[in-house]
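Here's a quick tour of a protein chain, one spot at a time. Have a look at the sequence and the model before reading on.

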Amino acid sequence: MTAIERNPGIPLDMGWVESTRINLPAVQRRAATHKTRRSIKKEWQAAWLLRATSCIDLTTLDGDDTPGNVTRLCHKAKTPIRQDLVKALGVEGNNITVGAVCVYPARVPDAVRALRELKCTLPVASVAAGFPAGQISLEQRVTQVRDAVSAGATEIDIVITRTYVLQGDWQALYDEVRACREACGDAHLKTILATGHLGTLTNVYKASLVAMMAGSDFIKTSTGKEAVNATFPVAFVMVRAIRDYYQRTGYKIGFKPAGGIRSAKDSLSWLALMKEELGDEWTKPNLFRIGASSLLGDIERQLYHHVTGRYAAKHQMPMT
């Protein structure tokens, strides 16, 4: 991946934050028409599905996670598409992998060990900071981040304290994200806004700005555990915030939708959104990730159909 100059953050600019205005009907209209604006077929669809594969944070965040299923996840992350399909598509030399493996902090050593044994340099991402509810102290948040980094995580997905957003305490939110960014060291910070809990799109935009000002490398829609996760109205607001921040500061911030993205068709819509709103650079894994656990299986089935002309039975696809 091409190296991106890391966002160092800027001082909290309350004038910018408080000047936020969201045109709700325009956002809703843009989101409603997005899926109808672009149709990708045949070999172009296959190419976009391979790109989507490379942007997946292949995730397992369950209470029954074990070293065994984390190891299986890492094998799938290294070889996400059946090799006969890769050969038929003519992309053997492209080293198709997912973007990262994402696990709970306790499973980070398992993922690091499995990828090392596979001689694979994929990033290991860990959730932290009281994921998913975030109802812990700042001291505990920072400790979780440091522990995950010490265990070998190179990307950290933190969740914010939603109370700060709902009460308009932007300084507290800035300080919280800033402390986690400092605890990350060289590990990249993805800040989960849990947008389904933030109440309004204005709050989503303001929280996006504050997270970026505090030094986030990515902003992420959801934990995947909320009732409402990644939606297009929220996404348009967040990517416009990313664009505004880039235009003002020159720093490129990544975007990660997560939760409820299960179909190959959905992944194409998300890639199209990034291309239209931010450009080609934001369709690559250093600036775009999709948090998903079951999406990869449907992408692989669609690629199987492209190659063979028929859909695979479930037992014909390796475990995702």
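Two residues are in contact here when they have heavy atoms within 4.5 Å of each other. Keep in mind that this is a predicted model.

## Around Asp157

Let's start in strand β4, which covers residues 155–159 and holds Asp157. Is Asp157 buried or exposed? With a relative accessible area of 0%, Asp157 is buried, because the cut-off for that label is under 20%.

Skipping the neighbours within four places in sequence, Asp157 is in contact with Ala125, Ser126, Val127 and Ala128, plus Ile192 and the lysines Lys190, Lys220 and Lys256. With Lys256 there's also a side-chain to side-chain polar contact, at 2.9 Å.

## The nonpolar cores

Which members of the largest nonpolar core touch the most other members? Ile156, Phe255 and Trp270 do, out of 103 residues. As for who supplies this core, helix α11 (residues 232–249) gives the most, with 10 residues. A separate core of 8 residues lies apart from it, and Leu61, Val127, Phe131 and Ile192 are among its members.

Back to Trp270: beyond four places in sequence, Trp270 is in contact with Ala230, Thr231, Phe232, Ala235, Phe255, Pro257, Ile261 and Phe288.

## How α11 meets α12

A pair of packed helices is described by the angle between their axes and by how far apart those axes are. For α11 and helix α12 (residues 264–277), the angle is about 30 degrees and the axes are 11 Å apart. The crossing of α11 past α12 is right-handed.

On the α11 side, the contact is made by Phe232, Ala235, Phe236, Val239, Arg240 and Arg243. The α12 side brings in Ser269, Trp270, Leu273, Met274 and Glu277. Sorted by class, that's 7 nonpolar, 1 polar and 3 charged residues.

Thr53 sits in helix α3, which spans residues 42–54. Thr53 is buried, at a relative accessible area of 0%.

Asp175 belongs to helix α9 (residues 170–184).

Terms used
Residues numbered from 1 in each chain as written. Predicted model: local features only at pLDDT ≥ 70, side-chain atom pairs only at ≥ 80, totals over all residues. Heavy atoms only, no water. Helix = DSSP H or I, 4+ residues; strand = E, 2+ residues; numbered from the N terminus. Buried < 20%, exposed > 50% of the residue type's maximum accessible area, 1.4 Å probe, protein only. Polar contact = N/O pair within 3.5 Å; in protein donor to acceptor, adjacent residues only side chain to side chain. Core = buried A, V, L, I, M, F, W, Y, C linked by side-chain atoms within 4.5 Å. Axes fitted to C-alpha atoms, helices over the stretch in contact; angles between N-to-C directions. Left-handed = near helix turned anticlockwise from the far one by under 90°. Nonpolar A, V, L, I, M, F, W, Y, C, P; charged D, E, K, R; others polar.
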